[in-house]
Amino acid sequence: MLRTKGEKAFEAVNIVLLSILVLVTAYPLYYVLAASFSNPAEIMKHTGVLWGLKGFSLESYKYVFRYPMVWIGYGNTLVYVLVGTAVNTLFTALAAYGLSRKNAMLCNFFMVLITVTMFFSGGLIPTYLLVDNMGLTNTRLVMFIWKMAQPYNLIVMRTSFREIPDSLIESATIDGANHFQIFWKIAVPVSKAVLFVIILFYGVYHWNAWFYAMVFLRSKSLYPLQIVLRDILVANDVSAMTEGMVGMDEKEMIGATIKYAIIVVSTVPILCVYPFIQKHFVKGVMVGAIKG
């Protein structure tokens, strides 16, 4: 099929703009990765664009991996991601299935209440008082059940469940299946693409969770990795990682690359997992958002 000059020009402009966008997005990632493997003294002296390594060094990673809070944070984050994602996905799917049934009582009423929470909240102080009165502050449990079913994810999954043909549900009911059997054996397998998207959303949410962890958790033994990362990057506190160093200049030099190294350490796992479920992402969101 022959293309007009206008179509070719439009395609060329798109390629140029998207290439620039890729470079603008990828360069900060490349800079952090290159700086983390560079010599701290060379990085301190360097200004401008970083094109390559400035003297290969693993010194920063040595300090990161021997810092106990990194391993404690990693362990806690893995627990929060695995358990939290499983709990959130299960309860979101159960609630979405119940609200997707057209003959369910007060279904529309509950959907209005759920939707309202996307725009209005009770505020931080009432939320903290509620969680504290329930005895959940400074416990792992609060990280699992807090925001157990997020409204947006629930709406996406409910939309997917509503697209299941009524004839399929009726056939299963005639064969003697109850709602739990229909949910596990029909609704979940049919909506597998959307389910992967919800798992991805909750997994990334728990991996990046730091604000409510900072609000509800007081014991450092319960801190997720992102709180450890925040203390190092935002509070600029690398003193615990540079114990034993004598000179302030030495601490400042290694401190700069330690920050880059811990960013890499905290980002690599989620980047490794994402490609395996990315193929379900677009399909799941389109199914859950457009249909209905």
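When I say that residues meet, I mean contact, that is, heavy atoms within 4.5 Å. Please keep in mind that this is a predicted model.

Start with helix α8, residues 151–162, and helix α11, residues 192–208. Their axes come within 10 Å and cross at roughly 175°. Angles over 145 degrees count as roughly antiparallel, and α8 and α11 are therefore roughly antiparallel to each other. On the α8 side, the residues in contact are Tyr152, Asn153, Val156, Met157 and Ser160; on the α11 side they are Val194, Leu195, Ile198, Phe201 and Tyr202. By class, that contact has eight nonpolar residues, two polar ones and no charged ones.

Now the rings. Searching the whole structure gives 21 aromatic pairs. One of them is Tyr27 with Tyr30, a tilted pair at 6.4 Å centre to centre, with 40° between the planes. Both tyrosines lie in helix α1, residues 5–36, three residues apart, about one turn of the helix. Tyr27 has 31% relative accessibility, so Tyr27 counts as partly exposed. Tyr30, at 33%, also counts as partly exposed.

Another pair is Tyr74 with Trp207: edge-to-face, 6.1 Å centre to centre, 65° between the planes. This pair links distant parts of the chain, with Tyr74 in helix α4, residues 68–100, and Trp207 in helix α11, 133 residues apart. Are these two buried or exposed? Tyr74 counts as buried because its relative accessibility is 15%, and Trp207 counts as buried at 6%.

Last item: Tyr128, Trp146, Trp210, Phe211, Tyr212 and Phe216 form one aromatic cluster.

Technical notes:
Residues numbered from 1 in each chain as written. Predicted model: local features only at pLDDT ≥ 70, side-chain atom pairs only at ≥ 80, totals over all residues. Heavy atoms only, no water. Axes fitted to C-alpha atoms, helices over the stretch in contact; angles between N-to-C directions. Helix = DSSP H or I, 4+ residues; strand = E, 2+ residues; numbered from the N terminus. Parallel < 35°, antiparallel > 145°, perpendicular 65-115°, else oblique. Nonpolar A, V, L, I, M, F, W, Y, C, P; charged D, E, K, R; others polar. Phe/Tyr/Trp six-rings, centres within 6.5 Å; stacked < 30°, edge-to-face > 60°. Buried < 20%, exposed > 50% of the residue type's maximum accessible area, 1.4 Å probe, protein only.
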